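This report covers a protein model and its ligand, with attention to the ligand shell, the sheets and the helices around them.

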Amino acid sequence: MSAEAKLVILERGDDGVALIRLNRPDALNALNLAVREQLRAAFTSLQGDPAVRAIVLTGNDKAFAAGADLKEFVDIDAIEQMKRRVERYWKAIAETPQPVIAAVNGFALGGGLELAMCADIIIAGEGAKLGQPEVKVGIIPGAGGTQRITRAIGKFKAMLLCLTGDMISAREAFDMGLVSKVVADDQVLEEALALARRIAKLPPLAVQSAKEVLLAGADASLDAALVMERKAMQVLFASADKHEAMSAFIEKRKPVLKGE
Ligand code: CO8
């Protein structure tokens with residue numbers, strides 16, 4: 001594939017949902033620099049678009065993503081790796097204000113699982129395999145695979161994954177709290193899109209505030225997080241959608257939301 005190839009495909013629906021698809025099937029969607037750059041560009045292009053209310057991120061049947069591209073890692077040294085400043089790529093995804101749903105089929109390993117963990121909701125197919133196998137190739141996770149994962153599932157399960165590099169099934173991941181929902185493999189994308197469409201119909205300022213507070217609060221003290229939550233809730237009383245949605249409920253009609 002040439003450097004110009006579309007390694008990430010972005011489709012905007014007229015239903016408020018954008019679909020981002022990793023498209024490097026020959027390498028199980030391994031995340032080389034070109035894929036990451038295109039992923040960043042796709043997310044950045046959606047962030048300020050009020051017509052996009054929810055985003056679905058997916059791969060293909062065989063792989064969500066099998067991790068960082070080991071062929072790009074094998075011969076580089078620490079300083080080259082540092083200079084790549086790959087944190088830029090992850091940040092663009094994690095800071096997207098709209099909800100992001102990862103639709104995971106097949107392998108989600110290493111950087112691939114870290115990518116899924118940048119999403120807000122993970123829908124996995126029965127046959128998905130997840131893991132942090134970095135230790136097997138002499139490194140450790142470098143984009144949340146020791147941190148986001150511990151916040152999601154706790155120290156002892158995170159240690160099992162990071163210290164062994166073992167893959168787990170979607171069901172095991174669900175039981176650990178690492179995925180939101182497990183569905184049949186052929187239902188993953190449909191389920192994620194349907195969920196995204198439902199979220200896209202809700203008042204977007206409220207949806208985005210919920211995401212923002214939930215994420216920011218997770219790293220704050222409970223007292224500080226409760227203040228943040230309360231203030232964000234109070235601010236929403238200034239939104240036109242809040243008045244419209246509550247009035248519609250009381251008047252037993254459908255709300256007409258403006259995202260304002
Ligand atoms: N990098 C590069 N190429 C890959 C990768 C990868 N991670 N994974 C698969 N491929 C390629 C294979 O080389 C192969 O290519 P080719 O046909 O040219 O030989 C093709 O994809 C198909 O792969 P396999 O033949 O191996 O397929 P199998 O079904 O036999 O096995 C596996 C599938 C189990 C997923 C296997 O491919 C595998 O173990 N892959 C590597 C998984 C891995 O170790 N991932 C972690 C990488 S390290 C990482 O992600 C660190 C992240 C740090 C954060 C970011 C900071 C920069």
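A polar contact here is a pair of N or O atoms within 3.5 Å; within protein, one must be able to donate a hydrogen and the other to accept it, and residues adjacent in sequence count only if both atoms are side-chain atoms. The model is predicted, with pLDDT of at least 70 needed for local features and 80 or more for side-chain atom pairs, while totals for chains, interfaces and linings use all residues. Residues are numbered from 1 along each chain as its sequence is written, and side-chain values use heavy atoms, with hydrogens and water left out.

**Ligand**

| Residue (backbone N or O atom) | Ligand atom | Distance |
|---|---|---|
| Ala66 | nitrogen | 2.9 Å |
| Leu70 | nitrogen | 2.9 Å |
| Gly111 | oxygen | 2.8 Å |

Taken alone, the ligand exposes 1,100 Å², of which the protein buries 65%; accessible areas come from the Shrake-Rupley method with a 1.4 Å probe, and for residues only the protein chains shown count as cover. Helix H2 (70-73), S6 and H5 are the elements that give two or more residues to the shell around the ligand. Helices (H or I, at least four residues) and strands (E, at least two) are DSSP runs, numbered from the N terminus. The largest share of the shell, three residues, is that of H2.

A residue is near a molecule or strand if one of its heavy atoms lies within 4 Å of it. Around the ligand there are 25 residues, and Ala66, Ala68, Leu70, Lys71 and Gly111 come nearest. The shell divides into 14 nonpolar, five polar and six charged residues. In this count Ala, Val, Leu, Ile, Met, Phe, Trp, Tyr, Cys and Pro are nonpolar, Asp, Glu, Lys and Arg are charged, and the others, Gly among them, are polar.

S4, S6, S8 and S9 form an open sheet of four strands in the order S4-S6-S8-S9, with mixed pairing. Strand S4 (63-65) and strand S9 (168-169) are at the edges with a single partner strand each, so one side of each has no neighbour in the sheet. Two strands pair if DSSP finds at least two bridges between them. S4 pairs with strand S6 (residues 107-109) in the parallel sense over two bridges, and Ala63 stands opposite Phe107 in S6.

Helix H5 (residues 111-118) lies across S4, S6 and strand S8 (129-131) and runs at about 90° to S6. Axes are lines fitted to C-alpha atoms, for helices over the stretch in contact, and angles run from 0 to 180 degrees between N-to-C directions. The axes of H5 and helix H4 (residues 87-94) come within 9 Å and cross at roughly 35°. In this contact (heavy atoms within 4.5 Å), Trp90, Ile93 and Ala94 of H4 meet Gly111, Glu114, Leu115 and Cys118 of H5.

**Six-stranded sheet**

The order of the open sheet of six strands is S1-S2-S3-S5-S7-S10, and its pairing is mixed. Its edges are S1 and strand S10 (181-183), each with a single partner strand, so one side of each is left without a neighbour in the sheet. From one strand to the next, the twist averages 20°.

Strand S1 (residues 8-12) pairs with strand S2 (residues 17-22) in the antiparallel sense over five bridges. Ile9 has Arg21 in S2 as its bridge partner, and Arg12 stands opposite Ala18 in S2. The two strands S1 and S2 form a hairpin with four residues between them, and Gly16 in the turn has a positive phi of about 85°.
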